[in-house]
Structures are given as structure tokens and as C-alpha cells.
Amino acid sequence: MGAWDLLLAGLVLLLGLCGVLLPGVPGSWLVWAGVLWWALKDPRPVAWWVLVGATVLLLLSRAVRWALPSRRLRATGYDGRTLVYAGCGSFLGFVLLPVAGAVPGFLAGVYVRERLRLGRRGEAAAATRTVMRSGGWSVLTELFACQLITAAWLGAVFWG
């Protein structure tokens with residue numbers, strides 16, 4: 001597989017990760033499509049194992065999201081920056097404390113945004129709970145699954 005194909009597949013994965021945070025964008029499907037494209041171009045067995053793992057993980061993520069409340073974040077009065085802060089926090093947590101840091105990073109990102117918006121600690125904590133109850137867990141589930149898939153893809157590309 002050429003460098004340009006790898007770069008384009010990586011860009012599709014990055015677009016999918018960002019798309020998870022945007023309403024109406026099929027972020028998880030873009031991540032899966034990027035892995036599929038890579039697996040079709042790369043003849044190694046590790047590529048197919050990553051694709052199978054990505055498929056299973058996305059299906060499991062869909063099942064978990066189905067059990068969670070639907071996304072009603074707009075009804076709580078959040079602005080789009082909340083998910084940007086949450087996504088950045090999740091990414092930083094995922095990198096700084098590999099894998100396990102994504103969840104506390106997401107929560108910290110939501111809290112920091114609400115603290116900046118509202119000013120007080122107690123109000124920010126209450127707003128964070130509201131955001132998480134009204135669809136934040138659903139977004140976190142999808143984002144975490146996509147981050148795991150992207151990490152597996154990066155591992156397979158660099159060390160596979």
C-alpha cells in the first residue's frame with residue numbers, strides 16, 4: 001500500500017473521529033469505511049483482523065448506544081463547543097493515559113466547558129451531569145469505539 005493511500009485512509013479516519021462529535025455526520029461509518037478501504041488495499045492478514053475487530057466493536061457500540069438515552073443534547077441548551085471540548089479532552093486522555101483516559105478526559109472536557117460558560121463549580125458539575133444524562137454517554141460510547149479502532153489501525157500500520 002502506498003503512502004498516499006495510507007494518508008487518505010488516515011484522513012478518512014480523522015474525519016470520522018471528528019464526525020462523531022457533529023450531529024448528523026456518520027462518524028463511526030466513516031471510521032469503518034477508512035479501515036475497509038485500507039484492508040482492501042493491504043494484502044496482509046493483520047488488515048483483515050483489524051477490519052473484523054472494527055466491525056465487531058462498532059456493532060457492540062451500536063448495541064450499547066441503543067440501550068442508552070437518545071441524543072437530546074440540543075434540548076439541554078448546550079452549544080457546539082461543549083462537544084469540541086469533550087472530544088479534545090477525550091483525545092488527550094486517550095493519549096496521556098492510554099485507552100482508559102478517554103472517559104475521564106471526555107468528562108473533564110465537558111466540565112471545563114461548562115465551568116467556563118457558567119463560572120461556578122457547582123453549576124458546572126450539575127450542567128455536566130445534565131449533558132451526560134441527555135446524550136453525552138451515547139456520544140462518548142461512539143467516540144470511544146472509534147478511538148479504539150483508530151488506535152488499532154495505527155498499531156497495525158506502524159507495527160503490524
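This is a predicted model: local features need pLDDT of at least 70, side-chain atom pairs count only at pLDDT 80 or more; totals for chains, interfaces and linings use all residues.
1. Helix α1 covers residues 3-20. The helix has 18 residues, and from its first C-alpha to its last it reaches 26 Å, which is close to the 26 Å expected at 1.5 Å a residue.

2. One set of α1 residues is buried: A9, G10, L13, G16, L17, G19 and V20. Where do the buried residues of α1 pack? Their partners are α2 and α6, the latter spanning 121-159.

3. A nonpolar patch on the surface is formed by W4, L7, L8, L11 and L14. Together these residues have about 540 Å² of accessible area. L11, one of the patch members, is found in α1. Its relative accessible area is 45%, so L11 is classed as partly exposed; the limits of that class are 20% and 50%.

4. The structure holds four salt bridges. One of them joins the side chains of K41 and D5, at 4.0 Å from N to O. This pair links distant parts of the chain, with K41 in helix α2 and D5 in helix α1, 36 residues apart. K41 is partly exposed at 43% relative accessible area, and D5 also counts as partly exposed, at 22%. The K41-D5 distance of 4.0 Å should be read against the criterion, which asks for a side-chain nitrogen within 4 Å of a carboxyl oxygen.

5. A salt bridge also connects the side chains of R65 and E142, with an N to O distance of 3.2 Å. E142 counts as buried at 5% relative accessibility.

6. In the salt bridge between the side chains of E114 and R117, N and O are 2.6 Å apart. Both residues lie in helix α5, three residues apart, or about one turn of the helix. E114 is buried, with 0% relative accessible area, whereas R117 is partly exposed at 38%.

7. Three aromatic pairs are found in a search of the whole structure. W29 and W32 form one that is edge-to-face, with 6.4 Å centre to centre and 80° between the planes. For reference, the cut-off on the centres is 6.5 Å, and planes over 60 degrees apart count as edge-to-face. Why are W29 and W32 separated by about one helical turn? They are three residues apart in helix α2, which runs over residues 27-41. W29 is partly exposed, with a relative accessible area of 48%, and W32 counts as partly exposed at 25%.

8. W48 has its place in helix α3, residues 45-67. W48 is partly exposed, with a relative accessible area of 39%. Which residues is W48 in contact with, leaving aside its neighbours within four places in sequence? They are A39, L40 and D42. From W48 to L36 the C-alpha to C-alpha distance is 8.4 Å, and the two are 12 residues apart in sequence.

9. F94 lies in helix α4 and is buried, with a relative accessible area of 13%. Not counting residues up to four places away in sequence, F94 touches V99, G101, A102, F144, Q147, L148 and A151. F94 and W38 are 56 residues apart in sequence, and their C-alpha atoms are 23 Å apart in space.

10. V99, one of the residues that F94 touches, lies in the loop between α4 (80-96) and α5 (102-118). Its phi is near 65°, a positive value in a residue other than glycine. At 37% relative accessibility, V99 counts as partly exposed.

How values were computed
Residues are numbered from 1 along each chain as its sequence is written. Side-chain values use heavy atoms; hydrogens and water are left out. Rings of Phe, Tyr and Trp (its six-membered ring) pair if their centres lie within 6.5 Å; planes under 30 degrees apart count as stacked, over 60 as edge-to-face and the rest as tilted. Helices (H or I, at least four residues) and strands (E, at least two) are DSSP runs, numbered from the N terminus. Buried means under 20% relative accessible area, exposed over 50%, partly exposed in between (1.4 Å probe, protein chains only). Patches are made of residues with over 30% relative accessible area and no salt bridge: like charges are joined within 9 Å, nonpolar side chains (Val, Leu, Ile, Met, Phe, Trp, Tyr) within 5 Å. Accessible areas come from the Shrake-Rupley method with a 1.4 Å probe; for residues, only the protein chains shown count as cover. The expected span of a helix is 1.5 Å times one less than its number of residues. Contact means heavy atoms within 4.5 Å.
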